[in-house]
Amino acid sequence: MENAVEVHSVKMKYHSLNGEIDALEEIDLSVGRGEFISIVGPSGCGKSTLLSIIAGLLAPTAGYVLVNGKKVTGTSSEVGYMLQKDHLFDWRTIYGNVVLGLEIRGDLTPENAGYVQELLKMYGLYEFKDKYPNQLSGGMRQRAALIRTLAIKPDILLLDEAFSALDYQTRLAVAEDIYSIIKKENKTAVLVTHDIAEGISMADRVVVLSRRPAVIKNIHEIKLTCSNRTPLSSREAPEFRQYFNRIWKELDVHV
Amino acid sequence: MYDRHQPEVTPEHKEFLKRVKLKKVSVLTTQILILVLFFVVWELAARYKIIDAFITSQPSRVLKTLVNLYARGELLRHVGITCLETVIGFTSATVLGTATAIALWWSDFLAKVMEPYLVVLSSLPKIALGPIFIVWIGAGPAAIIVMTLAISIIVAILEVLNGFLSVDQEKIKLVKTFGARKLQVFTKVVLPASFPTIINALKVNVGLSWVGVIMGEFLVSKAGLGYLIVYGGQVFQLDLVMTSVLILAIAAAAMYQGVVYLEKIVVKNRYEIKE
């Protein structure tokens with residue numbers, strides 16, 4: 001079966017008046033269907049750039065990306081993107097927020113609206129659909145943001161530091177929550193994070209990027225001995241520490 | 001969490017609410033007292049010849065002038081004309097200013113090209129253009145409205161554009177991930193997110209519109225509060241001047257409150273304040 005995402009020798013250069021910045025040197029990566037990949041790397045190494053290229057928000061300087069076997073030329077409903085903050089619009093109700101994507105695509109059919117209602121019911125936000133975002137807790141807001149992304153029925157979810165705006169406890173709970181929803185909906189996911197533990201706890205494979213210009217330093221297959229794997233139970237697994245230490249060393253952080 | 005209403009009110013909380021209310025009442029009382037005191041002192045000082053009522057006027061004479069003007073049917077005419085000019089000038093400055101700001105937001109090139117011109121126009125004292133408007137448009141209400149427009153439109157453009165440009169880039173990125181085109185970026189994010197800024201620009205513009213109208217009336221008019229002030233000054237009738245200034249203060253405050261009310265219905269309902 002074809003891969004969900006294939007990144008072929010992607011290079012990215014940014015131009016500014018002060019000169020050129022090489023963000024990505026040469027990236028080759030493939031993500032299998034239903035797989036959960038985490039990308040970690042030193043800050044400013046171009047992790048988010050890679051995600052923007054996969055999403056079709058940025059065109060790479062060289063190379064190309066295939067999503068479901070088709071070359072990416074712009075954004076499509078096959079790829080859903082989740083940003084660092086929930087960015088729910090204060091002036092729209094929760095329902096108004098979650099149908100935003102459908103509205104922009106001109107896909108707000110009765111059928112799709114029904115699907116959104118179902119998602120809201122399934123993930124416990126139905127009774128809040130007429131509330132405004134500031135009446136919800138941080139966790140619920142993040143869940144609403146995920147439903148907004150799921151509403152366009154993407155196969156692949158890109159999570160760009162999707163939990164890092166939350167405080168630590170909420171973050172653990174939201175990661176757990178979002179992970180279970182992604183698994184339940186059977187989506188392929190790519191998570192970019194600077195938090196090594198978070199990366200390991202959710203992923204089937206962890207991709208380690210080097211300092212800018214980024215190349216793939218290593219890819220770790222995460223195999224944990226724990227039944228019923230969730231981000232929290234992963235952290236309990238005996239191998240967790242070892243993965244953490246290996247990746248930490250590879251990141252080669254100097255203060 | 002969502003559950004924010006506590007059913008029981010403790011005595012401490014009641015005490016707290018009472019203190020808050022008391023403070024509010026005492027602020028209001030003091031405000032009213034200051035106003036009353038000002039007029040009483042003014043009246044007494046004039047009556048006991050501490051100040052010369054001929055050049056300072058006095059509240060009782062202002063009242064008499066007001067009644068006279070009203071009896072001759074001139075009060076409503078002058079107030080009406082000035083208010084109408086202000087409303088037209090204010091509305092057209094807001095509409096044209098916002099439209100221009102949209103064009104400048106849309107085209108980065110246009111914004112860059114226009115920048116020095118806007119800077120010059122913004123620092124130029126618009127009153128200097130008065131004679132030009134009079135020659136071109138004629139000495140009448142139209143010139144006054146154009147004067148008002150000239151004074152408030154630049155601020156409207158700059159304020160609204162600033163609001164558009166300070167919209168969170170991540171919010172724009174969000175709608176772009178859904179494939180939004182530029183028009184959608186504008187209607188779905190930039191415009192709704194800028195409503196509070198636009199309302200704030202309106203508040204500034206209310207004041208500027210009054211400046212424009214009164215200046216215009218100083219220059220050309222045969223009616224209106226500005227005309228009454230100039231006329232009163234020329235014939236040394238300070239009663240008329242003071243009366244007009246007081247009416248002007250009330251009218252300007254009323255219009256400002258109108259915008260505040262608009263803010264309440266447009267903004268507050270949709271952007272509930274975070275507690």
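A: Happy to. This is a predicted model, in which local features need pLDDT of at least 70, side-chain atom pairs count only at pLDDT 80 or more, and totals for chains, interfaces and linings use all residues. Residues are numbered from 1 along each chain as its sequence is written, while chains are lettered from A and ligands numbered from 1 in the order in which they are written.

Let's begin with the overall layout. In chain A, 10 strands make up an open sheet with mixed pairing, in the order 5-4-1-2-10-9-3-8-7-6. Strands here are DSSP runs of E with at least two residues, helices are runs of H or I with at least four, and both are numbered from the N terminus. Two strands count as paired if DSSP finds at least two bridges between them. Strand 5 (70-71) and strand 6 (79-82) of chain A are the edge strands, each pairing on one side only.

A residue is buried if 20 or more other C-beta atoms lie within 10 Å of its own, exposed if 12 or fewer, and partly exposed in between, with C-beta atoms placed from the backbone.

Which strands pair with strand 9 of chain A, and in what sense? Strand 3 (residues 36-40) of chain A runs parallel to strand 9 and is joined to it by four bridges. Strand 10 (residues 214-221) of chain A pairs with strand 9 in the antiparallel sense, over five bridges.

A hairpin joins them through four residues. A:Pro213 lies in the loop between these two strands, and the peptide bond joining A:Arg212 and A:Pro213 is cis, with omega at about -5 degrees.

Strand 2 (residues 19-31) of chain A runs parallel to strand 10 and is joined to it by two bridges. Within that pairing, A:Glu26 stands opposite A:Val215 of strand 10. On its antiparallel side, strand 2 is joined by nine bridges to strand 1 (residues 5-16) of chain A. Strands 1 and 2 of chain A form a hairpin with two residues between them.

Now for the other end of the strand order. Strand 7 (residues 156-160) of chain A is joined to strand 8 (residues 188-192) of chain A by five bridges, and these two run parallel. A:Asp160 stands opposite A:Val192 in strand 8. Helix 9 (residues 240-251) of chain A packs on the sheet and touches strand 3, strand 9 and strand 10 of chain A, with its direction at about 170 degrees to that of strand 10. Contact means that two residues have C-beta atoms, placed from the backbone, within 7 Å. The axes are lines fitted to C-alpha atoms, for helices over the stretch in contact, and angles run from 0 to 180 degrees between N-to-C directions.

Most residues other than glycine have a negative phi, and most peptide bonds are trans. A:His87, in the loop between strand 6 and helix 2 (94-98) of chain A, has a positive phi of about 50 degrees although it is not a glycine. A:His87 is buried, with 22 other C-beta atoms within 10 Å. A:Lys153, in the loop between helix 5 (138-150) and strand 7 of chain A, likewise is not a glycine and has a positive phi, of about 55 degrees. A:Lys153 is partly exposed, with 16 other C-beta atoms within 10 Å.

As for confidence, the model scores ipTM 0.86 and pTM 0.82.
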